[in-house]
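This briefing is intended for reading alongside the sequence and the coordinates.

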Amino acid sequence: MSGEWSGERPGDGRREPEGALAAAAGGPEPGDELLGRVFLGRVIEPGDEAGGRWVREFGVAEVVRRLRCGGKALPGASRTRWAGLVARAGRAEPERDLAEARAAGARFVCPGDGEWPRQLDDLGDGRPLGLWVRGRPNLRMWALRSVAVVGARACTEYGTHTAATLAGGLAERGWVVVSGGAYGIDGAAHRGALAARGATVAVLACGVDQPYPRGHTALIARIAEQGLVVGELPPGDHPTPSRFILRNRVIAALTRGTVVVEAACRSGSLATARAAQRLGRFTMGVPGPVSSALSAGVHELLRDEATLVTDASEVIELVGDMGDLAPARRGPVLPRDLLEPATRCVLAALPGNRAAPAEEIALGARTTRDEAIARLYELRALGYVERHGDGWKLTRQAVISVRGGRSPC
């Protein structure tokens, strides 16, 4: 994992990157790193490792210069692809993108800025050129203590309830819930965190000024007010199927772990889990009915390397600090559970429908007659047995208790 992870807590303050301050003051110079990355964001698709390699090997300024002048193609680009990139470069207007972002209350965060989450560098040449961010909190600080909750769009009531409850529990414990803003599990996770007055981040596959899906316009606006809305694509850009898949790698890299709640075998949310596995993040799944096709993908994930979780405490046990243990699971403690083992054996040896002599009870309890009688008097004092002539019989209270489940001696 990246060295970014630490024990820091999410904060609400943020520091504007120097480039963003320059843009607000009247626009950066043409050779500015921030302006160059905004330009490249219009030309190079998210997750393009060839583009990332060009930036790493030649620098932003040189890649921008070659694309603008349409000169010699960069290594690995075919003639056709290079022509397409140059054509897109001719239409790029980074100053306009920055102005539209400011109008929408968004800023552009670059690698190297104080707000840049350095765990995104684990993506190598596929890391974002930069991120557009709406909302006041500091993205880097929030990402330090975050968990992704993702799953099917066409989910069941069980999935919706589970995702909302899980996200609410995480938010109440100070964790940031990250998801994709989509219908179904994503929306339920965001709403669960918001309902708990917690922190949530929506990572979009489109411009942060273009809420998608449209039915979540109000939800995404609320997330921007109470949390953060993040995306790689410049203002106004629309989502495509490939962009959804590529967006998922950002969700996986940004967070400490990914929880999948309901996912069919072909669900796109499984791409987030697989990306998390490749990056060495924790991968978790919430089980569902074995007969549900919407849980089949989760179950396959659990058969592989994912960890089964059922609530927020179990998630935090994995992704949290040492000592953040989930409570032990056990059934209710019954009064007879508090009896000494020898006394429980004598109680279990009494017939349920008649009185029995001490000798018979001792035989059933595998003890002596005197020991059995001593235990029977103890049980009588506790209200479990009563004398019937020379025999002993269970009281009504004891019959109900024993029928509830016999403990082996």
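Which backbone nitrogen does a side-chain oxygen of Asp-32 reach at the start of α2? In this predicted model, the backbone nitrogen is that of Leu-34, and the oxygen of Asp-32 comes to within 2.8 Å of it. The protein as a whole comprises 409 residues, of which 52% count as buried.

**Overall make-up**

- The protein contains 18 helices and 12 strands.
- Among contacts with a separation of 6 or more, 71% are accounted for by residues 24 or more positions apart.

**Helix α2**

- Helix α2 spans residues 33-43, and because nine of its 11 residues are buried, the helix is largely enclosed by the rest of the structure.
- The buried residues of α2 include Leu-34, Leu-35, Val-38, Phe-39, Leu-40 and Val-43.
- Gly-36, Arg-37 and Gly-41 are also among the buried residues of α2.

**Packing of α15 and α16**

- Two packed helices are described by the angle between their axes and the distance between the axes.
- Helix α15 (residues 341-349) packs with helix α16 (residues 358-365) at an angle of about 120 degrees, and their axes are 8 Å apart.
- That angle makes α15 oblique to α16.
- The crossing in which α15 passes α16 is right-handed.
- On α15 the contact is made by Cys-345, Val-346 and Ala-349, and on α16 by Ile-361, Gly-364 and Ala-365.
- Sorted by class, this contact of α15 with α16 has five nonpolar residues, one polar residue and no charged residues.

**Strand β4**

- Val-176 is located in strand β4, which covers residues 176-179.
- With a relative accessibility of 1%, Val-176 counts as buried.
- Val-176 and Val-201 are separated by 25 residues in sequence, and their C-alpha atoms are 7.3 Å apart in space.

**Backbone geometry**

- Most residues other than glycine have a negative phi, and most peptide bonds are trans.
- Tyr-212 and Pro-213 are joined by a cis peptide bond, with omega about 0 degrees.
- Pro-213 is placed in the loop between β5 (200-204) and α10 (217-226).
- Glu-262, a residue other than glycine, has a positive phi near 60 degrees.
- The loop between β7 (257-261) and α12 (269-278) holds Glu-262.
- Arg-366 is not a glycine either, yet its phi is positive, at about 55 degrees.
- Arg-366 belongs to the loop between α16 and α17 (369-381).
- Is each of these two residues buried or exposed? Glu-262 is buried, with a relative accessible area of 1%, whereas Arg-366 is exposed, with a relative accessible area of 66%.

- Ser-295 is found in the loop between β8 (282-286) and α13 (296-303).
- Its relative accessibility is 0%, so Ser-295 counts as buried.
- Leaving aside residues up to four places away in sequence, Ser-295 touches Glu-262, Ala-263, Gly-288 and Pro-289.
- One of these contacts, Glu-262, is the residue with the positive phi near 60 degrees.

Methods: Residues are numbered from 1 along each chain as its sequence is written. This is a predicted model: local features need pLDDT of at least 70, side-chain atom pairs count only at pLDDT 80 or more; totals for chains, interfaces and linings use all residues. Side-chain values use heavy atoms; hydrogens and water are left out. Axes are lines fitted to C-alpha atoms, for helices over the stretch in contact, and angles run from 0 to 180 degrees between N-to-C directions. Helices (H or I, at least four residues) and strands (E, at least two) are DSSP runs, numbered from the N terminus. Angles under 35 degrees count as roughly parallel, over 145 as roughly antiparallel, 65 to 115 as roughly perpendicular and the rest as oblique. A crossing is left-handed if the near helix is turned anticlockwise from the far one by less than a right angle, and right-handed if clockwise. Contact means heavy atoms within 4.5 Å. Ala, Val, Leu, Ile, Met, Phe, Trp, Tyr, Cys and Pro count as nonpolar, Asp, Glu, Lys and Arg as charged, and the others, Gly among them, as polar. Buried means under 20% relative accessible area, exposed over 50%, partly exposed in between (1.4 Å probe, protein chains only). A polar contact is a pair of N or O atoms within 3.5 Å; within protein, one must be able to donate a hydrogen and the other to accept it, and residues adjacent in sequence count only if both atoms are side-chain atoms.
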